[in-house]
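Reader: I am new to this structure and would like to learn how to read its features one at a time. Could you take me through them, giving the general idea before each case?

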Amino acid sequence: MPPFLLIVQAGPDRGRQLELGDGPLTIGRGQGEGLQLGDGAVSRHHLTIQLDRAAGRLRVVEVAGVNPVWSVAEGQRLALKAGQELAPGAAFTLGNTTLGFAAPEPAAPVRGTVELDAARAISSPEGRNRLAALAALGDKLARCGSLPGVFRAATAWALEALPATRALLLSPDGSDILSSASAGPVCDLALSPALLARVLRERRGFLLRDVLAEPDLADRRSVQLRGIVGAMAAPAEGLIFYAEWDAPRAVRATYDEQALLLLVCAAQLVSASGESAGERQQLTAAAKLSQKSGSAPGQIIGNSPAIQRLHVFLERVAATPTTVLLFGESGTGKELAAGMVHALSPRAAKPFVAVNCAAIPEGLLESELFGHEKGAFTGAVSQHEGVFVRAHGGTLFMDEIGELSLPAQARMLRVLENRTLTRVGGTKELSVDVRLIAATHRNLPQMVESGRFREDLLYRLSVIQTTIPPLRERRDDIPRLALHFAKLFGESLGRRITDVSPAALEVLTRYRWPGNVRELRNVIERAMVLGDGPILDLDDLPPELMRAAPIAPAEAPPDARLVRPLAELEREAILGALAATDGNKARAAALLGIDRTTLYRKLKDYALG
């Protein structure tokens, strides 16, 4: 038989339900009460009630609280006393908490067929439960074509579905905000450090019912002004979903284990949808670029926090005509990032022209950039269009802009300011409409100080700027990059790769990669050419990677008493390498970073057979 229930209808514990047994039930805010309430206006032990199951009535056994317990009968407020009984459907109030007495509902007849209109369940007011809310989120995310779009849709959804006063998507380490939505003005970006720290430490979702109980937030003026009372956070691959709510929402909604479960599920859904949307976004950009260039460009592979931030940045700046300056080491993918900005911009149908300023001889630099007239100099047998004219209406990517000479910088500044240029040897001014994206691996502010770069040009270039992260700062992406390049080269080489071995991945992830992604690509191409089999293994990698010292924090000098003879350590290293490779001497030599001849000699020296 379905149970009789006691339901908290109003107060701090709103939404709690308790199945009534046959024995007495004590109610209060003290430890050991049958129903412990968080209402400060309730006494430690306030009253005792008992269910008369046969009569279907609830009897008041004792009223012990300082404040009275009252109910409403026929429109009149009535103070309850010991011995009085309540019928199903009645409610009574103690302190600021109202409790309702509910009788069992008759079981609905079981039908052989169950029908559900999914669209109606998602959109109708009756269907706005948590499961429907999750379905609604999935529907919204499926319509998003980009990573930032997924993040914006998710935070906006959380305001209504949880509901929340503010919702944020954070990077996996909690240091960056990927997206945010708020039901009102936000005074600052105060979060719950204790909650985030626990989520980061344990990688589980947590709910905090009383934010003001945290010493680090209790005195925050923004928390007090916005009336924030609770917060919760849930981690997923590549992000953390954070939400907080105020007192009015705490009265209308229930924030319990099921609410946290909804946020956890939403975080997982956003993570998966964001990765898919990011891939779709890159495929769209790649298709647009390949249509213009005739060849398919690469993709920005990875799901690390740094790459997620880069994706968000690229889409945001793509919609604007503003000049962008990209900093980054050689091989990090600056041209690839510039190509994505162009492909996602309104100029995608127009030309994308890339030029490396460092690769152009000094004497031809201005001619290549701005063009020249016939006869402008020896060898100028015809008129030449510079890159600015060739990129008219589209995007011009200037890599290594720090290599420009000062005279070329002066002409560059004039083009950016007036949107006009004059060919070398010419007098006619030409109007150009170009979106400029510049890149460099140099420290331009430092070059300004030394007089090698114009300060006014730097100001014009750095309207919007970002740094492309080096590969050593996004090591989590190396396995995906390695497998991507292996499959890419496998198509042309006829070698089908299904996986990268753990030993090879360990070597790849510990290497410093001074050449960044370009160097990793070259290493994988070499491994694909020289190796065989469906697994990219340790034997396929070049020896210099095996000899690279693992990156580890500096340690204190060892105790001299712990120092062992070098020959002893070398002998143990050889035995360990042979054991790890099941006696395969070629692989053991590669693991040790020595050639096979050296290994055979040492095996003989140490009498290891």
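Predicted model: local features only at pLDDT ≥ 70, side-chain atom pairs only at ≥ 80, totals over all residues.

Reader: Within what distance do the axes of α9 and α10 come, and which residues of α9 and α10 meet?

Author: The axes of α9 and α10 come within 8 Å, and their crossing is right-handed. From α9, the residues H311, L314, V317 and A318 meet A337, M340 and V341 of α10.

Reader: How are α2 and α3 oriented to each other?

Author: The axes of helix α2 (residues 130-142) and α3 come within 10 Å and cross at roughly 155°. Since angles over 145 degrees count as roughly antiparallel, α2 and α3 are roughly antiparallel to each other. The crossing of α2 and α3 is right-handed. On the α2 side the residues are A133, L134, L137, K140 and L141, and they meet V150, A153, A154, W157 and A161 in α3.

Reader: Turning to strands, which way do the residues of β17 point?

Author: In a regular strand the side chains alternate between the two faces of the sheet. From strand β17 (residues 324-327), V324 and L326 point one way, whereas L325 and F327 point the other way, and all are buried.

Reader: In what sense does β17 pair with β22 and with β23?

Author: Strand β17 pairs with strand β22 (residues 435-440) in the parallel sense, over four bridges, and L325 stands opposite A438 in β22. The pairing of β17 with strand β23 (residues 464-467) is also parallel and over four bridges, with V324 opposite I464 in β23.

Reader: What is the order of strands in the open sheet of five strands, and which strands stand at its edges?

Author: The order of this open sheet is β4-β3-β5-β6-β9, and its pairing is mixed. The strands β4 (35-36) and β9 (85-86) stand at the edges, each with a single partner strand, so one side of each is left without a neighbour in the sheet. Strand β3 (residues 24-28) pairs with β4 in the parallel sense over two bridges, and I27 stands opposite L35 in β4.

Reader: How should I read the backbone angles in the loops, and where does E400 lie?

Author: Most residues other than glycine have a negative phi, and most peptide bonds are trans. E400 is not a glycine, yet its phi is positive, about 55°. E400 lies in the loop between β19 (395-399) and α13 (406-418), and E400 is buried, with a relative accessible area of 10%. R419, in the loop between α13 and β20, likewise has a positive phi, near 60°, but R419 counts as partly exposed at 31% relative accessibility.

Reader: Which peptide bond is cis?

Author: The peptide bond from L162 to P163 is cis, with omega near -15°. P163 is found in the loop between α3 (147-161) and β12 (166-170).

Reader: Finally, is R423 buried or exposed, and with which residues is R423 in contact?

Author: Buried means under 20% relative accessible area, and R423, with a relative accessible area of 11%, is therefore buried. R423 is found in the loop between β20 (420-422) and β21 (429-431). Leaving aside the neighbours within four places in sequence, R423 is in contact with F370, G371, H372, E373, Q383, H384, E385 and L430.

Methods:
Residues numbered from 1 in each chain as written. Heavy atoms only, no water. Buried < 20%, exposed > 50% of the residue type's maximum accessible area, 1.4 Å probe, protein only. Contact = heavy atoms within 4.5 Å. Pairing = 2+ DSSP bridges. Axes fitted to C-alpha atoms, helices over the stretch in contact; angles between N-to-C directions. Left-handed = near helix turned anticlockwise from the far one by under 90°. Parallel < 35°, antiparallel > 145°, perpendicular 65-115°, else oblique.
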